[in-house]
Amino acid sequence: MPLLGAALWLLPKSRPWRKVATPIAVAAGVLSATASFGTQAYPDTYNDPTVDYTAESIARAKKNFAENCVACHGVGGEGNGEMAKGLSVQPADLTAPHVGTHTIGDIFHWLTFGGQSGVMPSFKDTLDVDDRWDMINFLLLLSSTNQSRFMGPRGMIQWLIAPDFSLEDPEDKINLLSNLRGVPTLLSFARCEAPGVDEKALEASLSIAHDTANAAGAHQVTVYQGGCPSSVMGRMAVHPKAVESAYSLIDRYPNETPTNEIAEAHFLIDRSGYVRARFRHFEPGDNMAAQLRDQIAMMAKEPFVVISLHSH
Ligand code: HEC
């Protein structure tokens, strides 16, 4: 585009156009400069990931993140690590929604060769290819954590894809969360017998969640730690710790301390695989169960959208 503007300018015949052509050429130049800055494609830009978008992958990355990234990007990824103050370019806030708008290939490129400013080092030698794709899955979820503040019983503004994970199934048919698509799924987390937990209230809440999901025709997957009663359980994860660790990222409100644990939370996943609502607790007599039932009924009637685990 700047070339076209220059050509117009130089052509004698185009003189009457100059008044118009100059601002257009400048604008085009600015636009194309911005565009090429924003959309620069690397050789890796369109690479395919070697690992799926799963909770297990995210949990692996969380460990690598703690070892390799926290010093600059901070424990929660907000860009406020110990080393951040001394750097000439400030580390990005990785919880910001815009991180998820980069192509996954661009992020792969930065992790492999270092950041655009040269301040962020290359991780080619510390993280192998699979580790880097794990990290990208983690980053995609982390950049959605800002949205999780909108997550409530009434549904949320922006939806995020529920990270997939392996399910226990003796018949080996439904061995992934994504196999349950087609019907809404309530994904419930709880830590029974944890210190300071009101066991009675927790068990009552879990049984309300279980009964409501069942009665409304939803699947239920339960990731319960400690001695939760088996009567309130649904399908179980093969790697409950990893699943809890990954989903703890979206359970957290921005002002809460990061942790790998979820005391109690129930995520409602719609029939296409999006996380659509989150309930933190049910009390006998409150209206949360009714809201859950209504949400399930509404989602059961929605059109089914085929989403790929990488359609970010
Ligand atoms: C030495 C400090 C430092 C370390 C360590 C570091 N980063 Fe960065 N990171 C930065 C800085 C500074 C930027 C800002 C732009 C740049 O330099 O590319 C950045 C930018 C990024 C971006 C681009 C964000 C955006 O939206 O533009 C991503 C993604 C990222 N870092 C992820 C990571 C991951 C994952 C790790 C660990 C494997 C890591 N960083 C380790 C300093 C660091």
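Trainee: Are F189 and Y247 buried or exposed?

Mentor: This is a predicted model, where local features need pLDDT of at least 70 and side-chain atom pairs count only at pLDDT 80 or more, while totals for chains, interfaces and linings use all residues. Residues are numbered from 1 along each chain as its sequence is written, and side-chain values use heavy atoms, with hydrogens and water left out. Buried means under 20% relative accessible area, exposed over 50% and partly exposed in between, with a 1.4 Å probe and protein chains only. By that rule F189 and Y247 are both buried.

Trainee: Which protein donors does the iron atom of the ligand have?

Mentor: Donors are N, O and S atoms within 2.8 Å of the metal (3.2 Å for Na, K and Ca), and water is not among the atoms, so sites may look incomplete. Lying 2.0 Å from the iron atom of the ligand, the protein donors are H73 (NE2) and M120 (SD).

Trainee: Is H73 buried or exposed?

Mentor: The relative accessibility of H73 is 9%, so this residue counts as buried.  M120, by contrast, has 27% and therefore counts as partly exposed. For H73, then, the word is buried.

Trainee: Which residues form one aromatic cluster?

Mentor: Rings of Phe, Tyr and Trp (its six-membered ring) pair if their centres lie within 6.5 Å, and planes under 30 degrees apart count as stacked, over 60 as edge-to-face and the rest as tilted. The centres of F189 and Y247 are 5.6 Å apart with planes at 35 degrees, so that pair is tilted. One aromatic cluster is formed by F165, F189, Y247 and F267.
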